Amino acid sequence: MACAFRWMATAAVLMSLFAGAMGVGAQTVAAPQAGSATATPDNAILLTVFLKHDQSRPLGELNAQLAKQGFYKAFPPAGMEVVSWYVAMGIGQVITLRLPASRIRELNRVLEDTAWGAYRTEFYPTYDFKAAGVAEHEKAQKVQQ
C-alpha cells in the first residue's frame with residue numbers, strides 16, 4: 001500500500017512539474033534550445049536519476065556502449081549542475097542534478113539517446129532535507145538531556 005501511495009505521489013509531482021513546464025492547455029510547445037535556460041532560485045528543481053546497470057553484461061562492454069553512444073560527451077547537459085554523483089554497488093549510478101524545470105525534457109532525451117541499453121533509468125523529484133533533518137536531530141538530542 002505504501003509503495004502504491006509513493007508511486008501515486010511521485011506521479012502527481014511529476015505531472016505538476018510537466019504541466020508547469022509545458023503550459024497546460026497550450027496547443028504547441030516549442031522544444032527548448034539546448035542550454036537555453038539556467039537554474040535560478042525561482043525555476044530550479046532537483047532531480048535524482050538512477051542509472052541501473054545491466055548486470056547481465058560485463059562492465060567493459062557497458063562502458064564501450066556508453067562511449068559509442070556519446071554518454072559522457074552529452075551528460076550532463078551544459079547548464080545543469082551535478083549536485084552529487086555516486087556509484088551504488090549492485091545498482092549503478094545515482095546522480096542528483098539541479099536544473100530549470102523547463103529543461104527536464106532535454107535531460108530525458110539526452111539519457112534516452114546516450115544511456116539506454118547500458119542502463120535502465122528511474123527519475124525522482126528531490127529536495128534538500130539536510131538542514132531540516134539535522135535541526136530535528138539536534139532538537140531531539142536536547143530533549144533527551
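Predicted model: local features only at pLDDT ≥ 70, side-chain atom pairs only at ≥ 80, totals over all residues.
Let me start with Thr-114, which, once its neighbours within four places in sequence are set aside, is in contact with Leu-66, Gln-69, Gly-70, Phe-71 and Ala-74, where contact means heavy atoms within 4.5 Å. Residues are numbered from 1 along each chain as its sequence is written, and side-chain values use heavy atoms, with hydrogens and water left out.

Thr-114 sits in helix α4, and here helices (H or I, at least four residues) and strands (E, at least two) are DSSP runs, numbered from the N terminus. With a relative accessibility of 6%, Thr-114 counts as buried; the cut-offs are under 20% relative accessible area for buried, over 50% for exposed, and partly exposed in between, with a 1.4 Å probe and protein chains only.

Not counting residues up to four places away in sequence, Val-110 touches Ala-74, Phe-75, Pro-77 and Ala-115. The C-alpha atoms of Val-110 and Phe-71 are 8.0 Å apart, although 39 residues separate the two along the chain.

Which residues of α4 are buried? They are Ile-104, Glu-106, Leu-107, Val-110, Leu-111 and Thr-114. Viewed down the axis of α4, these buried residues fall within an arc of 165°, so they line one face of the helix, the arc being that of the directions from the helix axis to the C-beta atoms. As a general point, an α-helix has 3.6 residues a turn, so residues three or four places apart point the same way.

Staying with α4, I turn to its charged side chains. Arg-109 forms a salt bridge with Asp-113, and the closest N and O atoms are 3.5 Å apart; a salt bridge is defined as a side-chain nitrogen of Lys or Arg within 4 Å of a carboxyl oxygen of Asp or Glu. Because Arg-109 and Asp-113 are four residues apart in helix α4, they are separated by about one helical turn. Arg-109 is partly exposed at 46% relative accessibility, and Asp-113 is partly exposed at 44%. Elsewhere, salt bridges that share partners join Asp-54, Arg-57 and Glu-61 into one network. Within that group, the side chains of Asp-54 and Arg-57 meet at 4.0 Å, N to O, and Asp-54 counts as partly exposed, with 22% relative accessibility.

By this rule, the count comes to seven salt bridges. Another of the pairs is Lys-52 with Glu-122, whose side chains meet at 3.0 Å, N to O. This pair links distant parts of the chain, since Lys-52 is in strand β1 (residues 44-53) and Glu-122 is in strand β4 (residues 119-126), 70 residues apart. Lys-52 is partly exposed, with a relative accessible area of 23%, and Glu-122 is partly exposed at 25%.

Finally, the surface. Tyr-72, Val-82 and Trp-85 make a nonpolar surface patch of about 270 Å². Patches are made of residues with over 30% relative accessible area and no salt bridge, like charges being joined within 9 Å and nonpolar side chains (Val, Leu, Ile, Met, Phe, Trp, Tyr) within 5 Å, and accessible areas come from the Shrake-Rupley method with a 1.4 Å probe, where for residues only the protein chains shown count as cover. Trp-85 lies in strand β2 (residues 81-88) and is partly exposed, with a relative accessible area of 32%.
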